[in-house]
Amino acid sequence: MLRSCAARLRTLGAPRGGARPTALEPGGARRSFASEEIVDKDHALPNPSWSKDLRLLFDQFMKKCEEGSWKRLPSYKRNSTQFQNFKTHYLDPKFLKEQQMSEAQQFTRSFEDGLGFEYVMFCNDAEKRVVCFFQGGPHLQGAPGFTHGGAIATIIDSTLGTCALRAGGVVMTANLNINYKRPIPLCSVVVINSQLDKVEGRKFFVSCNVRSVDEETLYSEATSLFITLDPNKKLT
């Protein structure tokens, strides 16, 4: 327990004396490492909770990135620039509560390391593909010992949506169909392979399968429809 707490403090950059961690920005301004944890940390990088399988897959695809065909996609709890653009074009200001929006986080990144969604995505824009390596933590349990079906749907939707976004810009899910073939053991690693199947105007059709690391077990298959948003029309 003490070793675990010490490791977590080192991860957060906290001093051993327990004082609130701060640092000086250039010019003397202070920043909080607690704030940095929320805003700046790239969660699509290895952390101590990653299993051997997840780290191995990560290393394999980082080599593909060096070759130039694939790209690792960073992932943050918040993305202020992206949110501001989305808010400007698609949200009616009268429905916004600034305090709530300032506290908003990406759902898949709202868990502590190792407890929820641990994943990393890689894209190949030339092939219109996105691959996600996902490890579901103990707080995603459904049936005892297995990952909740809703958590699986969430990571599938995130992967398919990223694939559509890479091809068509800002999109939202219009339809998602999932066939669950086998339950996924809790805390195991699966590979989600997604691809863009076709485009019809503003409609983007994307599909994926979810398999074990050795590709021997098919856990789920999914098809989806995403719609490119019209920047001239508000969503609310």
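Let me begin with a term: a residue is called buried when its relative accessible area is under 20%. With that in place, and bearing in mind that what we have here is a predicted model, buried residues make up 34% of the 236 residues in the chain. The accessible surface of the chain comes to about 13,900 Å², and 52% of that surface belongs to carbon and sulfur atoms.

As for the overall fold, the chain has 6 helices and 9 strands, and if we take the contacts between residues at least 6 apart in sequence, 64% of them join residues that are at least 24 apart.

I would now like to turn to one residue, Ser75, which sits in the loop that runs between strand 3 (71-73) and helix 4 (80-90). Is Ser75 buried or exposed? Its relative accessibility is 12%, and because that falls under 20%, Ser75 counts as buried. Once its neighbours within four places in sequence are set aside, the residues in contact with Ser75 are Lys41, Asp42, His43 and Ala44, together with Arg109 and Tyr119.

Notes:
Residues numbered from 1 in each chain as written. Predicted model: local features only at pLDDT ≥ 70, side-chain atom pairs only at ≥ 80, totals over all residues. Heavy atoms only, no water. Helix = DSSP H or I, 4+ residues; strand = E, 2+ residues; numbered from the N terminus. Buried < 20%, exposed > 50% of the residue type's maximum accessible area, 1.4 Å probe, protein only. Contact = heavy atoms within 4.5 Å. Areas by Shrake-Rupley, 256 points an atom, 1.4 Å probe, with all protein chains shown as cover.
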